[in-house]
Amino acid sequence: MNKPLKQHLIDPEICIRCYTCEMTCPVEAITHDDSNVVIDAAKCDFCLDCIPVCPTGSIDEWRFVAKPYSLDDQFGWAELPAQGEIVAAGGDDAEGGDDLQAAMEALLAEAHKGAGGKAKAPATAAKPSVNLYNLGKPAVAKVQGNFRLTSDESGSDVRHIILDFGSQHFPVLEGQSIGIIPPGTDANGKPHLPRLYSVSSPRDGERRNYNNLSLTVKREDKGVCSNYVCDLKLGDEVQVTGPFGATFLMPDDPSARLLMICTGTGSAPFRGFTMRRQRAAAGTSGDMVMFFGARTPDSLPYFGPLNKVPERLLKKHLVFSRIPGVDKEYVQDRMMVEQEAIADMLADPRTHIYICGLKGMEQGVEHAFKNIAESTGMPWEATRDVMRDEGRYHVETY
Ligand code: NAP
């Protein structure tokens with residue numbers, strides 16, 4: 001009997017089309033069409049390099065199959081097929097199902113080590129719409145606003161961009177992202193791939209009940225898309241893909257407690273979360289606590305408006321790493337200062353954790369959580385894994 005094959009796949013419902021896996025794969029096994037990002041079974045050598053770079057865990061999917069799904073099969077998927085009964089090539093039922101199960105579990109355990117586990121949406125999150133517009137059929141949005149959020153002196157140019165979708169149906173939930181396709185071609189003459197930005201407004205619009213949304217975009221030196229976006233003028237038309245993201249969402253349960261940790265423009269989704277609660281659950285919502293790191297106050301996006309959000313709705317810990325004459329402080333340092341409050345949240349099954357921003361902060365934040373949890377006798381990894389499985393632990397770092 002021929003052995004069934006294990007095939008590495010991407011969940012098209014959760015994938016946010018950031019193409020990081022495609023850029024990372026050393027054997028060029030990952031490719032995309034207008035709609036999906038897919039893996040060529042003939043090329044994938046299971047090196048797993050793509051696993052830790054995936055911000056959503058959507059690449060952490062495996063199936064045992066008699067015959068691998070082709071690229072065309074995968075391009076056509078709106079959702080991942082379930083693991084079917086394992087039938088060996090040649091048509092016989094697979095023997096040694098227990099061995100296969102064990103092999104599958106070992107493989108998953110290895111993969112989860114890199115990605116930290118597969119993300120899940122909060123149990124009470126609204127159902128997101130995903131992938132309504134793609135490379136072949138993007139939405140066209142009009143620029144309704146482009147405001148600089150940071151001072152000239154800060155050396156950082158972060159913009160609040162408002163995009164209006166007119167009569168096009170473009171529903172988003174807080175925490176979702178959209179792709180912006182910069183005009184022109186890359187060094188190989190190919191059209192640019194879309195770049196992903198988190199939506200920073202709530203689901204009912206940047207302006208309430210308007211079909212618009214906002215983004216928070218930092219100009220990067222030589223950044224193709226960030227310079228394009230930061231230079232947009234009122235009335236310019238922009239090609240947009242998405243919306244993307246089915247897990248980094250907020251619970252609709254107003255009593256859920258939100259612990260949000262971010263650096264720089266990683267604060268974008270938390271602006272959306274905060275505005276949602278201000279609009280929809282004012283006065284009745286559970287705690288929201290934010291740890292937000294920036295170099296200086298004038299490079300912290302939304303510093304002024306954020307300070308106006310009442311502490312009873314949002315407890316803010318704004319920390320700065322480059323104030324002259326003041327010790328550098330990172331979010332994980334302040335978490336240690338606030339360890340009692342965090343331990344209280346960790347012990348509460350209503351708590352949801354969100355981490356967004358620089359990839360580099362993940363390790364420090366993880367370390368802080370481990371110290372805090374273990375100082376109260378909670379095993380951190382087990383606590384975190386339960387939270388993730390319950391859709392209460394979310395990481396989106398680039
Ligand atoms: P940044 O200005 O470079 O950094 C923000 C703060 O984080 C600075 O104070 C920085 O300190 C500090 N920091 C650096 N390394 C750290 C570490 N290991 N642990 C904790 N703090 C650390 O941030 P940014 O350029 O805005 O970058 C934000 C990130 O969020 C980007 O990677 C972006 O891709 C990502 N993101 C953006 C969006 C969006 O919608 N725009 C959404 C999701 C994620 P020092 O520089 O002084 O060391």
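Reader: What makes up the accessible surface of the protein chain, and what share belongs to carbon and sulfur atoms?

Author: That surface comes to about 18,100 Å², and carbon and sulfur atoms account for 51% of it. Areas of this kind come from the Shrake-Rupley method with a 1.4 Å probe; for residues, only the protein chains shown count as cover. The model is predicted: local features need pLDDT of at least 70, side-chain atom pairs count only at pLDDT 80 or more, and totals for chains, interfaces and linings use all residues. Residues are numbered from 1 along each chain as its sequence is written, and side-chain values use heavy atoms, with hydrogens and water left out.

Reader: Why is glycine 179 called buried?

Author: A residue is buried under 20% relative accessible area, exposed over 50%, and partly exposed in between (1.4 Å probe, protein chains only). Glycine 179 has a relative accessible area of 1%, and therefore counts as buried. This glycine is found in strand β7, residues 177-181.

Reader: Which residues does glycine 179 touch, beyond those up to four places away in sequence?

Author: Contact means heavy atoms within 4.5 Å. By that criterion glycine 179 touches Pro194, Arg195, Leu196, Gln239, Val240, Thr241 and Phe244.

Reader: Why is asparagine 212 counted as buried?

Author: Its relative accessibility is 8%, which falls under the limit for burial, and asparagine 212 is therefore buried. This residue lies in strand β9.

Reader: What makes the pairing of asparagine 212 with glutamine 144 a polar contact?

Author: A polar contact is a pair of N or O atoms within 3.5 Å; within protein, one must be able to donate a hydrogen and the other to accept it, and residues adjacent in sequence count only if both atoms are side-chain atoms. The side chains of asparagine 212 and glutamine 144 are joined at 2.9 Å, and therefore meet the distance limit.

Reader: Why is aspartate 60 called buried?

Author: Aspartate 60 has a relative accessible area of 3% and is therefore buried. Aspartate 60 is found in the loop between α2 (50-53) and β4 (61-65). Its side chain forms a polar contact of 3.1 Å with that of tryptophan 62.

Reader: How do you know that the span of helix α6 agrees with its number of residues?

Author: Helices (H or I, at least four residues) and strands (E, at least two) are DSSP runs, numbered from the N terminus. The expected span of a helix is 1.5 Å times one less than its number of residues. The 13 residues of α6 (268-280) should therefore span 18 Å, and the end C-alpha atoms are 19 Å apart, which agrees. Buried residues in α6 include Phe270, Gly272, Phe273 and Met275. Among the elements that cover the buried residues of α6 are β6 (158-164), β9 (212-218) and β14 (351-357).
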